[in-house]
Amino acid sequence: MKRAVIPYDFNAFGQAIKAARMAKGESRKNVSVSPRYLANIENKGQQPSLQIFYELVTRYHISVDQFFFPNETADKTTRRRQLCLLYTSPSPRDC
């Protein structure tokens, strides 16, 4: 008997990617993903492949805790990591 799999809603992830990309002033053409594929992730919540998911969160320094553990307060939110990278840290590992 197969167990029911609840599909994950990637809309919040897509919105975070879009906000981070726009904050960097990048167009979809500047990202290593097809612009149409990226638009679907950002605007329709399309589920990205694991490789693309990894590439996007590392490119834009997005903490995935907010998506996997939305009810827990994480010490390192996406906004905090982005600010850390911009203003205080010489290395992403410090954030």
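What follows is a conversation about a predicted model.

Trainee: Let's start with helix α1. What makes its span close to the expected one?
Mentor: Helix α1 has 13 residues, and from its first C-alpha to its last it reaches 18 Å. At 1.5 Å a residue, 18 Å is expected, so the span is close to that.

Trainee: Which residues of α1 are buried, and how do you know that they line one face?
Mentor: The buried ones are Phe13, Gly14, Ala16, Ile17, Ala20 and Arg21. Looking down the axis of α1, these buried residues fall within an arc of 160°, so they line one face of the helix. Exposed residues Gln15, Met22 and Ala23 sit on the face of α1 turned away from that buried side. Just after α1 comes glycine 25, with a positive phi of about 70°.

Trainee: Why is isoleucine 17 called buried?
Mentor: Buried means under 20% relative accessible area. Isoleucine 17 has a relative accessible area of 0%, so the label applies. Leaving aside residues up to four places away in sequence, isoleucine 17 touches Leu38, Glu42, Leu56, Tyr60 and Ile62. With tyrosine 60 there is a sequence separation of 43 residues, while the C-alpha to C-alpha distance in space is 7.2 Å.

Trainee: Does arginine 21 count as buried or exposed, and why?
Mentor: Arginine 21 has 6% relative accessibility, which is under the 20% limit, so arginine 21 counts as buried. Arginine 21 lies in helix α1, residues 11–23.

Trainee: What does the side chain of arginine 21 reach, and what makes that a polar contact?
Mentor: The side chain of arginine 21 reaches the backbone oxygen of glutamate 26 at 2.8 Å. Beyond four places in sequence, arginine 21 touches Glu26, Ser27, Arg28, Val31, Leu38, Glu42 and Tyr60.

Trainee: Where is glutamate 26, and how do you know whether to call it buried or exposed?
Mentor: Glutamate 26 is in the loop between α1 and α2. At 18% relative accessibility, glutamate 26 is under the 20% limit and therefore counts as buried. The side chains of glutamate 26 and arginine 59 are joined by a polar contact of 3.2 Å. Again leaving out residues up to four places away, glutamate 26 touches Arg21, Val31, Arg59 and Tyr60.

Trainee: Why is the pair of phenylalanine 10 and phenylalanine 13 called edge-to-face?
Mentor: Here the ring centres are 6.2 Å apart and the planes are at 85°, again over 60 degrees, so this pair is edge-to-face. Ring pairs link Tyr8, Phe10, Phe13 and Phe53 into a cluster.

Trainee: How do you know which of these rings are buried?
Mentor: Phenylalanine 10 has 12% relative accessibility and counts as buried because the limit is under 20%. Phenylalanine 13 is buried too, with a relative accessible area of 1%. Tyrosine 8, at 38%, falls between 20% and 50%, so tyrosine 8 counts as partly exposed.

Trainee: What makes the buried residues of α3 line one face?
Mentor: In helix α3, residues 50–59, the buried residues are Ile52, Phe53, Leu56 and Val57. Down the axis of α3 they fall within an arc of 125°, so they line one face of the helix. The face turned away from that buried side carries the exposed residues Leu50 and Tyr54. The buried residues of α3 are covered by elements including α1, α2 and α4. After α3 comes histidine 61, with a positive phi near 50°.

Trainee: Which residues have the most contacts inside the largest nonpolar core?
Mentor: Those are Phe13, Ile17, Leu56, Tyr60 and Ile62, in a core of 16 residues. Helices α1, α2 and α3 each supply at least two residues of this core.

Terms used
Residues are numbered from 1 along each chain as its sequence is written. This is a predicted model: local features need pLDDT of at least 70, side-chain atom pairs count only at pLDDT 80 or more; totals for chains, interfaces and linings use all residues. Side-chain values use heavy atoms; hydrogens and water are left out. Helices (H or I, at least four residues) and strands (E, at least two) are DSSP runs, numbered from the N terminus. Buried means under 20% relative accessible area, exposed over 50%, partly exposed in between (1.4 Å probe, protein chains only). A polar contact is a pair of N or O atoms within 3.5 Å; within protein, one must be able to donate a hydrogen and the other to accept it, and residues adjacent in sequence count only if both atoms are side-chain atoms. Contact means heavy atoms within 4.5 Å. The arc is that of the directions from the helix axis to the C-beta atoms. Rings of Phe, Tyr and Trp (its six-membered ring) pair if their centres lie within 6.5 Å; planes under 30 degrees apart count as stacked, over 60 as edge-to-face and the rest as tilted. A nonpolar core is a set of buried Ala, Val, Leu, Ile, Met, Phe, Trp, Tyr and Cys residues joined through side-chain atoms within 4.5 Å.
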